[in-house]
Amino acid sequence: MSKPFLKWAGGKHKLAPIIQAQLPQARRLVEPFVGSAAISLALEFDEYLLNDSNPDLIHLYQTLKQEKQGFIDYAQSFFTPENNQETRFYDLRERFNHSDDVAEKSALFVYLNRHAFNGLCRYNSKGWFNVPFGRYKSPYFPADEMRDFVAKSDRMMLMCGDFQAAFDLIEHDDAVYCDPPYVPLNETASFTTYSQGGFAWQDQLRLLQCVEKSAKKCRGIVLSNHDTPQTRELYRHAQFIENIEVQRNIAAKGSSRQKVGELLVRWHDVDFCLQAA
C-alpha cells in the first residue's frame with residue numbers, strides 16, 4: 001500500500017482499509033478532492049480520475065507524471081541544510097509565490113510542504129502561500145513515495161477545477177470517494193483555505209446535490225466529513241452512515257492532538273446492488 005509523498009491536513013492513508021471496505025468494486029476511482037491522493041495511492045483500480053481546485057497541487061502531479069525521476073532529482077536539490085533556515089525559507093516561499101515556472105513552483109511546493117509548519121497548505125486572500133517556517137531538524141525528502149506515484153501515474157487522469165467538473169465525467173463503472181474541506185467543528189477550527197476561495201456551507205449543499213444525482217449513475221459514492229449535528233442532518237438520506245474516531249495531528253502541541261469524530265457516508269445505485277446480490 002503506497003503512501004502519499006505530501007504531508008496533508010486530514011490525510012486518509014491510515015483510514016484507507018476502512019474506506020476500501022465501503023467502496024464498491026469498480027474499474028475506475030474518481031476523487032473530486034484528491035488532496036495528497038492517499039486513497040488512490042493506497043487502493044488498486046484500473047484507472048483514476050483525480051481532481052482538485054488547487055492548481056499548484058495539480059501542476060505538481062502533472063510535472064511529476066511527465067518528468068519522473070528528473071523532477072524528483074530537481075525537487076530534492078532544494079532539501080539542503082542551507083535551505084532549512086528561517087530566512088532562507090521565507091526567501092523560497094516568496095520565490096514560490098511569484099514564480100511563473102511550473103517546474104520550479106512544483107519543486108518548491110514539495111519543499112514548502114516539508115519545511116512549513118505542520119505541512120499545512122494555506123493561502124491568503126491574494127492567493128499567496130502563507131504558512132510559516134516549521135523549524136524541523138531534518139525535513140524528510142520523499143523520494144521513494146514520489147517514485148510510487150510515478151509508477152501509478154500512467155493510470156491517472158489529472159484535472160484542476162471545481163468538483164462539479166469531476167462529477168460531470170462520472171461513468172457507470174466508477175467508484176467515487178469525496179474528501180471535501182470539512183465542516184468546521186467550531187468557528188475557529190476551519191482549514192478550508194487550501195485553495196483561493198475557501199469552501200462554504202453553500203458548497204457543502206452543492207456537493208450533496210452532485211452526490212445524490214451521481215449515485216444513480218455509478219457503482220457508489222463514499223464521502224468523509226466531520227461528525228456534527230449539521231452533517232448528520234445534511235446526510236440523513238444516505239444509505240449508510242458510520243462514525244469513526246480519528247487522531248488529528250494538526251494542533252501545534254502534541255497534548256492538543258485529540259481524537260475527533262468523523263462520518264463515513266455512502267450512497268449507492270440501489271438497482272445495481274439488487275442485480276449484484
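This is a predicted model: local features need pLDDT of at least 70, side-chain atom pairs count only at pLDDT 80 or more; totals for chains, interfaces and linings use all residues.
Residues are numbered from 1 along each chain as its sequence is written, and side-chain values use heavy atoms, with hydrogens and water left out.

A search of the whole structure gives 18 aromatic pairs, a pair being rings of Phe, Tyr and Trp (its six-membered ring) with centres within 6.5 Å, and with planes under 30 degrees apart counted as stacked, over 60 as edge-to-face and the rest as tilted. The rings of Phe79 and Tyr111 are edge-to-face, because their centres are 6.3 Å apart and their planes stand at 85°. Since Phe79 lies in the loop between helix 4 (69-76) and helix 5 (86-98), and Tyr111 in helix 6 (residues 102-115), this pair ties together parts that are 32 residues apart in sequence; helices are DSSP runs (H or I, at least four residues) numbered from the N terminus. Phe79 is buried at a relative accessible area of 16%, and Tyr111 is buried at 0%, with buried meaning under 20% relative accessible area, exposed over 50% and partly exposed in between (1.4 Å probe, protein chains only). The rings of Phe96 and Phe129 have centres 5.9 Å apart and planes at 75°, so this pair is also edge-to-face. Phe96 and Phe129 are both buried. One aromatic cluster is formed by Phe79, Phe89, Tyr90, Tyr111, Phe133 and Phe141.

With a disulfide defined as a pair of cysteine sulfur atoms within 2.5 Å, the count comes to 0 disulfides. The sulfur of Cys178 is 8.7 Å from the closest cysteine sulfur, that of Cys210, which is too far for a bond. Cys178 is buried at 0% relative accessibility, and Cys121 is buried at 13%.

In helix 4, Phe71, Ile72 and Ala75 are buried. These residues cover an arc of only 105° around the axis (from the directions of the helix axis to the C-beta atoms), which puts them on the same side of helix 4. The buried residues of helix 4 pack against helix 3 (55-67), helix 6 and helix 7, contact meaning heavy atoms within 4.5 Å.

Technical notes:
Helices (H or I, at least four residues) and strands (E, at least two) are DSSP runs, numbered from the N terminus.
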